[in-house]
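Student: Please pick one part of this model and take me through it closely. Then show me how it connects to the rest.

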Amino acid sequence: PSSAPIINKQETKAEDAHTIRVKWNEIKKEDQNGLILRYEVSYKENGTEKVFGFNITKTNTIITDLKPLTSYCIQVRGFTSVGKSLLSPCFHVQTLDKGPSHPFNVKVQAVSSVSILVTWDKPAHSNGDIKEYIIFYGTREDVQSNERKVTGNTRERIIDGLNKYTTYYVKVRGPGPPREFRAQVVIANNVYLTWKEPDSSNGIVRFYDIRICDNITGLQVIKVGSQSADVQSDIQQHSRLIKRLEYYTDYTFTIQAVTIKPGEMANATARTEEGAPSQPRDVTAKLDKGELSATVTWKDPKNHNGIIIIYTVYLEGKRAHNNSFHHNHEIVLNKSSRSTEIRIEKLKPVVTKDDDLMKDILYLPIAILAGLLFIVMIILAMVLILLRKKQQEIATRNKVVKMNQGDFQESWPLNVLKVGARLEFASGSGTGIERLHRKPLVQQEGVYTELFPESMMTSENDGSRTYASLVNSTEDSDNEYVNQLPAPEYVNAC
């Protein structure tokens, strides 16, 4: 590459007393002269010659394990498969202040029956300007409920108003910060915190207070609460897993040991990994007047969850009158544009052939006629069924169904199938007709046998005939003896 990356001044800053976040811009495309494979980040403490460095493929990183309140020179350069670029100009960043180590040689001397003199030496590591000292004192070794404050330049203080003949325990400052506090991203948006006990607890550590802040807003985002001070492993290390943080977000984690009062804080930073973005907002599609094209617009997702590189637009075309028609397409936008608008051209028209148009015109009338024809056919079928049933009823009432020839006997069995049918018997000769006055009524369906009266039987030789008639009319009807049968016979009537 023929030019160096440029470090971003707004994004490169100290996160805490031991960490600096670094971000830089890509080398200009015209100066890359190939594909950038990696970057080298180098840093050194100002005023020294020893340089530290490491490689990374991204355009941002975090430098850790730095000294508190110390200025560093940071530089970056890029590499292709052929060679490396120049180093970027030195960018100076100073780490943040940190609490001092504990004061040395704390001494207590009684100066009267109700007062004592407390003296001490400056801490070995001030880690900045000491603004004040706090003296804790009380009558119990594990709890010092009283305190006095003095300025950072003071090395002694007389405490008076004490009880006579009483033993007092004195400590200068609270617990030191937890040691080796680390924050490590383990699964996308989960962070694993680890730490060790303070070098000097100055009392019994009851618990650890953990807080999480968003680096951009500076606000506390999650209230973790207190963490037990019980040791969780053989190496005297404590840990806590923080789950479900926001994706691709910079967090600062703070922790302090608490005895009767909170001690000094230790800080650690971490950036969660990228995740899938939420859906784009306010998506609209508008057809361009008079053209087979459309313009699609949208807004960025509410939650980016990382750096959005490209958008993909999915197109699906259908026709209501043609289920076999499909026009599906996938459009990937230019990586460099990051546009939220696209014009889609060469769309398919609604109808492309004349026969398609005729199908569209005739489809509804044909469907209506088919439906009407189906209804008419159902009605005709029902009418035919009713007529046939009526005809069967008429035939049942007026027609002799079956005749069985048999010998002349004294009885005449009649098989009657219809309940309510009346039978009437009559005998006739050349001189007239004699009617039987009884009219048997069928009481149940099935075989019914009626004895033919002897008085109505005549000999074959005298030329007379005997008749049986199934009638539904009155005696005076002209149709009384329409269905007449010569005797002797069996009559099956229904």
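Tutor: Start with Asp 65, which lies in the loop between β6 (60–63) and β7 (71–79). Strands here are DSSP runs of E with at least two residues, helices are runs of H or I with at least four, and both are numbered from the N terminus. This is a predicted model: local features need pLDDT of at least 70, side-chain atom pairs count only at pLDDT 80 or more, and totals for chains, interfaces and linings use all residues. Residues are numbered from 1 along each chain as its sequence is written, and side-chain values use heavy atoms, with hydrogens and water left out.

Look at the backbone of Asp 65. Its phi is near 60 degrees, a positive value in a residue other than glycine. Is Asp 65 buried or exposed? Asp 65 is exposed, because its relative accessible area is 57%; the cut-offs are under 20% for buried, over 50% for exposed and partly exposed in between, with a 1.4 Å probe and protein chains only.

Now the side chain. Arg 182 makes a salt bridge with Asp 65, and their closest N and O atoms are 3.0 Å apart. Arg 182 belongs to strand β15 (residues 179–187) and Asp 65 to the loop between β6 and β7, so this pair ties together parts that are 117 residues apart in sequence. A salt bridge here needs a side-chain nitrogen of Lys or Arg within 4 Å of a carboxyl oxygen of Asp or Glu. Arg 182 is partly exposed, at 42% relative accessible area.

Lys 67 forms a salt bridge with Glu 45, with 3.4 Å between the closest N and O atoms. That pair links distant parts of the chain: Lys 67 is in the loop between β6 and β7, Glu 45 is in strand β4 (residues 38–45), and they are 22 residues apart. Lys 67 is partly exposed at 47% relative accessibility. Glu 45 is also partly exposed, at 23%.

Strand β4 runs over residues 38–45. Aromatic residues come next. The whole structure has nine aromatic pairs. In one of them, the ring centres of Tyr 43 and Phe 52 are 5.6 Å apart and the planes make 25 degrees, so the pair is stacked. Rings of Phe, Tyr and Trp (its six-membered ring) pair if their centres lie within 6.5 Å; planes under 30 degrees apart are stacked, over 60 edge-to-face, the rest tilted. Tyr 43 is buried, at 13% relative accessibility. Phe 52 is partly exposed, at 38%.

The rule asks for NZ of Lys or CZ of Arg within 6 Å of the ring centre and within 35 degrees of the ring normal. Arg 271 lies likewise over the face of Tyr 248, at 4.9 Å from the ring centre.

Glu 15, Arg 21, Asp 250 and Arg 271 are linked in a network of salt bridges. Within it, Arg 21 and Glu 15 have their closest N and O atoms 3.1 Å apart. Arg 21 is buried, with a relative accessible area of 4%. Glu 15 is buried too, at 10%. The structure's total is eleven salt bridges.

Which residues does Glu 273 touch? Leaving out residues up to four places away in sequence, Glu 273 touches Val 185, Ala 188, Tyr 247 and Tyr 248; contact means heavy atoms within 4.5 Å. Glu 273 sits in the loop between β21 (262–271) and β22 (281–287). Its C-alpha is 7.6 Å from that of Val 185, although the two are 88 residues apart in sequence. Glu 273 is partly exposed, at 43% relative accessibility.

For comparison, take Tyr 165. This residue also has a positive phi, about 50 degrees, and is not a glycine. Its place is the loop between β13 (156–159) and β14 (169–172). Tyr 165 is exposed, at 85% relative accessible area.

Last, the overall setting. The protein has two helices and 33 strands. Of its 494 residues, 35% are buried. Among contacts with a separation of 6 or more, 60% join residues 24 or more positions apart.
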